[in-house]
Amino acid sequence: MDKFCNSEKISLSDLLNEGDWGSGIGDRGSGRDLLNNSPLSPFPCPPSLVPNPRSPVPDPQSPVMNKRIIVPLDVANIADAIALIEQLPQVSFWKVGLELFTSTGPQILQELKSRQKRIFLDLKFHDIPNTVAGACQAAARYGVDLLTIHATAGKDALKAATEAVQTGAIQAGVEPPKLIAITLLTSISSRQLAFDLKIPLELPEYALEMALMAQEIGLDGAVCSPQEVAQLRNSCGNEFLLVCPGVRPTWAEKGDQKRSLTPSQALQAGANYLVIGRPITAAVEPELAWKKICDELASVA
């Protein structure tokens, strides 16, 4: 460890050979590495050696890169969900949203757990504080990894949610999920924010205000479009998780995503996780689409 404490230059190979520092994205409160879901090193990596979260992982086929890509199970029933999971065995992190959870309930979560998959339960809770607390407490019992709530539910609801996920996890004897706030849906444009929702703020400023409020309350991170991630990373710091949906490779159609970037651009901007759905799941050959995205990320310098 002495060579980490002097002023000599350190090569990447020296750093990697010194020991297992984890992914570089950790939670010292829980002692867990957020990407690898493993205990963090007891010796914190000096700040000067901590990888910049904007820096991409060079090998997109590595387990770490796989864990940074979340694929949505945007299907209508359990049979279609299982078929997609089996078609893409290399995917380790799946998103379960409103449609599938409403259709199957916790059965799909049990199916994913039995296959040792990580789960992003994206239910986007938005209600009065008491109702939000009850829903978050129940969701935390499932042992999922990420859980969403709309920032616009307000400070009281966000605070109730943060307390509720801890209570639910303790009751079930599982790790609490990382609670992340929806800043603004990626299908909403600046014009819609101003003219339809009557919000008198520029879109990037509004997204930042929502993220800062969530961070102040104690949430673990936020969901934002790739176009806002650099600003949020600079303002919220390295420990705040940023999850980016609306990511589209150069060869894919944007569809209803109004504020999109490519996977490599989103990672360079500072995203921790990328949610990439239709470019993979709606492809004629999803396995090839997955590989194509990994190949794109391999070109990131």
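Visitor: In which helix is Lys-292 found?
Guide: Lys-292 is found in helix 13, which covers residues 286–298. Keep in mind that this is a predicted model.

Visitor: What makes Lys-292 partly exposed?
Guide: Its relative accessible area is 43%. Buried means under 20%, and exposed means over 50%. The value for Lys-292 lies in between, so Lys-292 is called partly exposed.

Visitor: How far apart are Lys-292 and Trp-251 in sequence and in space?
Guide: In sequence they are 41 residues apart. In space they are 9.6 Å apart, C-alpha to C-alpha.

Visitor: What is the mean pLDDT of the protein?
Guide: The mean is 81, and 74% of the residues reach 70 or more. Over residues 1–61, though, the pLDDT is below 50. Beyond near neighbours in sequence, that stretch has 101 contacts in the model.

Visitor: How many helices and strands are there in the protein?
Guide: There are 13 helices and 11 strands. Of the 301 residues, 50% are buried.

Visitor: How many aromatic pairs does a search of the whole structure find?
Guide: It finds two. One of them joins Phe-93 and Tyr-273.

Visitor: Why is the pair of Phe-93 and Tyr-273 called edge-to-face?
Guide: Take the distance, then the angle. The ring centres are 5.5 Å apart, and a pair needs centres within 6.5 Å. The planes stand at 80°, and edge-to-face needs over 60 degrees. Both tests are passed, so the pair is edge-to-face.

Visitor: What makes this a link between distant parts of the chain?
Guide: Phe-93 is in strand 5, and Tyr-273 is in strand 11. They are 180 residues apart. Both Phe-93 and Tyr-273 are buried.

Visitor: How do you know that the pair of Phe-101 and Tyr-142 is edge-to-face?
Guide: The centres are 6.1 Å apart, within the 6.5 Å limit. The planes are at 65°, over the 60 degrees required. So this pair is edge-to-face. Phe-101 sits in helix 4, while Tyr-142 sits in the loop between helix 6 and strand 7. They are 41 residues apart.

Visitor: Why is Phe-101 called buried?
Guide: Its relative accessible area is 17%. That is under 20%, so Phe-101 counts as buried. Tyr-142 has 32%. That value falls between 20% and 50%, so Tyr-142 is partly exposed.

Visitor: How do you know that the charged end of Arg-191 is close enough to sit over the ring of Phe-195?
Guide: The charged end of Arg-191 is 4.7 Å from the ring centre of Phe-195. The limit is within 6 Å.

Visitor: Which residues of helix 5 are buried?
Guide: They are Ile-108, Leu-109 and Leu-112.

Visitor: What puts them on the same side of helix 5?
Guide: They cover an arc of only 100° around the axis, and therefore share one side. They pack against helix 3, strand 5, helix 4 and strand 6.

Visitor: Which residues touch the most other members of the largest nonpolar core?
Guide: Leu-73, Trp-94, Val-96, Ile-108 and Leu-121 do, in a core of 70 residues. Helix 9 gives the largest share, seven residues. Apart from this core lies another of 11 residues, among them Phe-93 and Tyr-273.

Visitor: What makes Gln-116 exposed?
Guide: Its relative accessibility is 65%. Exposed means over 50%, so Gln-116 qualifies. Gln-116 lies in the loop between helix 5 and strand 6. Its phi is near 55°, a positive value in a residue other than glycine.

Visitor: Why is Lys-198 called exposed?
Guide: Lys-198 has a relative accessible area of 60%. That too is over 50%, so the word is exposed. Lys-198 is found in the loop between helix 8 and helix 9. Its phi is near 60°, a positive value.

Notes. Residues numbered from 1 in each chain as written. Predicted model: local features only at pLDDT ≥ 70, side-chain atom pairs only at ≥ 80, totals over all residues. Heavy atoms only, no water. Phe/Tyr/Trp six-rings, centres within 6.5 Å; stacked < 30°, edge-to-face > 60°. Helix = DSSP H or I, 4+ residues; strand = E, 2+ residues; numbered from the N terminus. Buried < 20%, exposed > 50% of the residue type's maximum accessible area, 1.4 Å probe, protein only. Lys NZ or Arg CZ within 6 Å of the ring centre and 35° of its normal. pLDDT = per-residue confidence, 0-100. Contact = heavy atoms within 4.5 Å. Arc of directions from axis to C-beta. Core = buried A, V, L, I, M, F, W, Y, C linked by side-chain atoms within 4.5 Å.
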